[in-house]
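Visitor: I am new to reading protein structures. Could you walk me through one, feature by feature?

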Amino acid sequence: MVLRFFLFTVIGVASMAAETIHLKTRDFDPPADRREYLSQPLERRSPGSSHYLIQFEAPVSAEMIERLRAHGIVVTSYVGRSTLMVAAPDDFSVAGFPVRWIGRLEHRDKISPLITGQVATGHAPGAYVVEFHPDVNMTEARAMVREQNLRLIENRYMASHHLLVAGNFGAISSLAAWDEVAYVFPASPELLDGRHVYACEGAAAAESTTTGQFGGTGYPWTVTGPNGLTLGYYFSQLTQELPANASQQQILKAFNEWAKYANVIFTSAPSATAPQTVNVLFATGAHGDAYPFDGSTILAHTFYPAPLNPEPIAGDMHLNNDERWQIGADIDLYSVALHEAGHALGLVHVDDPNQVMYPYYRMRTGLGTGDITVVQSYYGAAAGAPSSQPAPAQLTLTVQSPAANSSTTASTVSASGLTSGGVAPVVVAWSTANGEIGNALGSASWNIPSIPLNLGVNNITITAFDAASHIVTQTISVTQQAQQTAPPSTPTPNAPSAPPPSTPAPSAPSAPPSGSPGNTAPPSLLITNPASTIVSTTAATITFQGMATDSVGVTSVTWSTSTGASGTASGTLTWIAQNIPLLVGTNTVTISAYDAAGNSAWRSVTVVRTGN
């Protein structure tokens, strides 16, 4: 028996400004570019097809999804009103479609911030839930997991495209680099113990398109004025498994648990079709929408609020009348209604197993602190909210150093600062206008040991984001000035000349001198793309990417080739080295990571470039 909480959207066709794409790892506004995906790395198991994010010039309609399907493009996830995740053949064409941008999920977008936050502090979890795109063959998915030397934990309660996987984070990160993987998030204790849980297959949009776990925004009701949200409820049909009064009591108890903390009032509505009304309907089989209950495979589905769904179906909650509904046991009506009510209020799934909106159902007595924080961010805190659950403070970000509009002659600059408020965990990331990216160490008090600079003005953006998708950014300018070269010294007569420096082997670059003799542990360095140590290509350049961690902080990741080329990768915790040049024949590409104590680690890959 599988629980699927489907949340449907019917989307209009009116034009709109380009929307921000909300992921759990970041928000971004891609520039209009229909060919960007061609320059992004791709590692896939099944040739001929891969996954793309497509942003359209206007909200997606059901008719557009049908047109995409006719062109061999399958919609696999709903991301936003105008953004879809699709599976498409290599020769696909979007000619005639109002496409604004096409890209891919980046490696950093596929790993939950909860996990990267733990890794950054040296506490990587031992088990993970790996979500594959819904079109991926799960037999192939299992083979991919085993090829990374990861252990499958068999659990019959997993969602149809989830696998429970144990192993070290390096192998998990390598797996996440593959195109077939959509997202990796923490496993709950119930999953690890094999206890009976029910999987939420994911929120769904038009044409049964599910919302991927990587999606990071909710869809609350539009509220105007200071009085919060008034939401009606109407019981159209109740289950025969329980007395009518008992069913109503459990569902109202779930509604009131949300209203206890948020500025939301649930009130009896005059009819099922009244505006802003949650129509509660226990039904079997086909029941008036496009999503019939199929025996005992679906417990419930709920429709997102307006304007994402039209009235009168917006917010409606449908429960499968074929299920054996109970109170306080197994398929607990209160626990299911509590999760469903969260969707009716516009909340999406979260990565934290301690929250009601985690995508695996278990018995609940109330909301988690993260659930409360998110719903309060939508509608404000209830006037009588219990003092034990205060309204969360606004997320703030302070950059203490470097000072705005500062200058230096160094090739890198460090940064530090503070965050406060928000919904834990809070992650701090950095990026530059030149494309370098990385994560800071720490959260409430954070630091970035090394940000690479170019000559001239460097605009550095520091971003803090929390589990409720609140985002705060600050941009500072640091000018790198050219160093003045000292005149050459006059050699001392008859002094012996120094021997020429030896050239290190390209596969084992030398490290800078250690700045901290007491810390000799090298960084942990992982290459996630390419996924093997011997690669063949016809291309003139290649892109490497991966992750690097260290107890005192990774300061830089560099690359070099056996043909004499070298450079610095963008980012540290998650890094990418683009456009590494290749000569026809055998090339050895070496990636090196350096920490703040001067220790280093390296990995090399043999790349054979064949003639066209």
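Visitor: Which residue in β10 is the bridge partner of V129?

Guide: A word on the source first: this is a predicted model, where local features need pLDDT of at least 70, side-chain atom pairs count only at pLDDT 80 or more, and totals for chains, interfaces and linings use all residues. Residues are numbered from 1 along each chain as its sequence is written, and side-chain values use heavy atoms, with hydrogens and water left out. Now the general idea: strands of a sheet pair through backbone hydrogen bonds, either parallel or antiparallel. Two strands count as paired if DSSP finds at least two bridges between them. Strands (E, at least two residues) and helices (H or I, at least four) are DSSP runs, numbered from the N terminus. Here, V129 has L164 as its bridge partner in β10. Five bridges pair β8 (residues 127–132) with β10 (residues 162–166) in the antiparallel sense.

Visitor: What is the strand order of the open sheet that holds β8 and β10?

Guide: The order is β9-β10-β8-β11, four strands with antiparallel pairing. At the edges stand β9 (151–152) and β11 (181–186); each has a single partner strand, so one side of each is left without a neighbour in the sheet.

Visitor: How many bridges join β4 to β6?

Guide: Seven bridges join β4 (residues 49–56) to β6 (residues 83–89), and the two strands run antiparallel.

Visitor: Which residues have the most contacts inside the largest nonpolar core?

Guide: A nonpolar core is a set of buried Ala, Val, Leu, Ile, Met, Phe, Trp, Tyr and Cys residues joined through side-chain atoms within 4.5 Å. Buried means under 20% relative accessible area, exposed over 50%, and partly exposed in between, using a 1.4 Å probe and protein chains only. The largest core here has 46 residues, and those with the most contacts inside it are F255, W258, L319, W325 and L345. Among the elements giving two or more residues are β13 (229–237), α6 (244–261) and α7 (333–344). The most come from α7, with seven residues. A second, separate core has 26 residues, including F28, W101, V129 and A182.

Visitor: How are the rings of Y233 and F255 arranged, and why is the pair called tilted?

Guide: Rings of Phe, Tyr and Trp (its six-membered ring) pair if their centres lie within 6.5 Å; planes under 30 degrees apart are stacked, over 60 edge-to-face, and the rest tilted. The centres of Y233 and F255 are 6.2 Å apart and their planes stand at 45 degrees, so this pair is tilted. Y233 is in strand β13 and F255 in helix α6, 22 residues apart, so to speak a link between distant parts of the chain. Both Y233 and F255 are buried.

Guide: A charge sits over a ring if NZ of Lys or CZ of Arg is within 6 Å of the ring centre and within 35 degrees of the ring normal. R26 has its charged end over the ring of F28, 4.2 Å from the centre. Likewise, K253 lies over the face of Y334, at 4.5 Å from the ring centre.

Visitor: Where does P312 lie, and what kind of peptide bond joins E311 to P312?

Guide: The bond between E311 and P312 is cis, with omega about 10 degrees. P312 lies in the loop between β16 (300–302) and β17.
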